[in-house]
Amino acid sequence: MEKIRIAVRKFDPFESTLRKLWDAFSLQNNIKMEAEMVALELHDLYETTISEKGLKEGKWDIAHINTDWIFDAANENAVLNLFSLIGENPPENYPFGWHKSLLHLQKLSNGIFGLPFHDGPECLIYRKDLFENETEKENFKKQFGYELSTPKTWQEFSEIATFFNRPEQNLYGAVFANYPDGHNMVFDFCLQLWTRGGSLLNKKNQIDIHNVAAIKALDFYRKMVNDVTAVHPKSREFGSVEAGLAFAEGQAAMAINWFGFASMAEVIEESKVKGKIDITSLPSDPGHKTASLNVYWLYTIGSGSKHKKLAYDFLRFATTPESDKLLTTEGGIGCRKSTWKDEEINTLIPFYHKLEMLHENALTLPQTPIWPKVAELIDGTVLKAIETDISSDILLEETQKKIKELSQGTTLHSSVKN
């Protein structure tokens, strides 16, 4: 029997939502075709959909593609341009139902190559029960000489992480996602760079990571994640999902992670910190602004799909306000403004309305065909920084030389903001 095949980013809330949506869609529209959903880790998802041409050759009809990859996917003609389909039969309240920051990265060369699926910029997630505890506040002030509150600077972040690090209680000051998958440590590096006033781009709009702010960023990060008196010892093994689950299990006072993992910790049954968490902006160096990173997931249709119309009909169904809200109650992050402001959602997840604030400070990564390769280089550089004593200056200089070789003849997309 013929099936529609969907490549899903491996994450329980994504998998359960997609299954429920397909079942409801099939019932409502009397669809007899089954959906085969395959959950894949980040690297495998990129490989099968883009590198191995799975979307282009029709192996996959629908795929979760994140905005890091969409320029690459569109350049490879792997994903269907939805412009005419949206023009003829747009999703409900398109485009006004979404924040503008969730619509521009998939717009390339007058085409639209995906619809927003899962959102949630990077933020500081913290245990408010610890931060608001009077005894903790008193002890912290005695030790450090200032009031305990969410850290405004990276120095404060480091000190607070040390204060709350209590291995004997299975509680650590902070948890990071240091598994080298080409994403987590790259994002962390970017956040460290931006919150020190740095940029990934030089004045000529070229990727340039060998500068003073980048050296400071890498120096701090490598020292922080190696601090056994402050950081979860399994951070090296954790991707963002594992780090998020560790936080939900009450193993960390703070985490720098996607908003979605704060939301998840309020809704999943196994969470031990429901009602005890909140989110805020990231720290920054004195004299510099906070920053966030906006990378989001899209629903895309394979250019080689034999079921393009059915796939698009499903995408329209999967992006209704009701479907968006379902994703949120399952543990993902809805993209519609209606979900962000929903009274029931904000009762369930009291900080949900703060998504709009995060988007105001959210920057994006360079849109260039070479970005996935640049990300791999940065990932390797951060890993080497964590594992060796080679100076940050030398590591970044070597990486920049490799980036320059990759960059010959490539241009950046005009919508880049970083």
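**Exercise 1.** In this predicted model, how do the axes of helix α1 (residues 12-29) and helix α12 (residues 308-318) cross, and what is the handedness?

*Solution.*
Step 1. The two axes come within 10 Å and cross at roughly 110°.
Step 2. Angles from 65 to 115 degrees count as roughly perpendicular, so α1 is roughly perpendicular to α12.
Step 3. The crossing of α1 and α12 is right-handed.

**Exercise 2.** Which residues make the contact of α1 with α12, and how do they divide by class?

*Solution.*
Step 1. From α1 come L18, L21, W22, A24, F25 and Q28.
Step 2. α12 contributes L310, D313, F314, F317 and A318.
Step 3. By class, nine residues of this contact are nonpolar, one is polar and one is charged.

**Exercise 3.** State the strand order of the open sheet and find which strands stand at its edges.

*Solution.*
Step 1. The five strands run in the order β2-β1-β3-β12-β6, with mixed pairing.
Step 2. β2 (34-40) and β6 (115-118) each have a single partner strand, so one side of each lacks a neighbour in the sheet; these are the edge strands.
Step 3. Direction ignored, neighbouring strands of this sheet are turned by 30° against each other on average.

**Exercise 4.** In which sense do β6 and β12 (residues 297-301) pair, and which strands does helix α2 (residues 42-51) touch?

*Solution.*
Step 1. β6 and β12 pair in the antiparallel sense, over three bridges.
Step 2. H118 stands opposite W297 in β12.
Step 3. Helix α2 packs on the sheet and touches β1 (3-9), β2, β3 (62-66) and β12.
Step 4. The direction of α2 makes about 120° with that of β3.

Methods
Residues are numbered from 1 along each chain as its sequence is written. This is a predicted model: local features need pLDDT of at least 70, side-chain atom pairs count only at pLDDT 80 or more; totals for chains, interfaces and linings use all residues. Side-chain values use heavy atoms; hydrogens and water are left out. Axes are lines fitted to C-alpha atoms, for helices over the stretch in contact, and angles run from 0 to 180 degrees between N-to-C directions. Helices (H or I, at least four residues) and strands (E, at least two) are DSSP runs, numbered from the N terminus. Angles under 35 degrees count as roughly parallel, over 145 as roughly antiparallel, 65 to 115 as roughly perpendicular and the rest as oblique. A crossing is left-handed if the near helix is turned anticlockwise from the far one by less than a right angle, and right-handed if clockwise. Contact means heavy atoms within 4.5 Å. Ala, Val, Leu, Ile, Met, Phe, Trp, Tyr, Cys and Pro count as nonpolar, Asp, Glu, Lys and Arg as charged, and the others, Gly among them, as polar. Two strands pair if DSSP finds at least two bridges between them.
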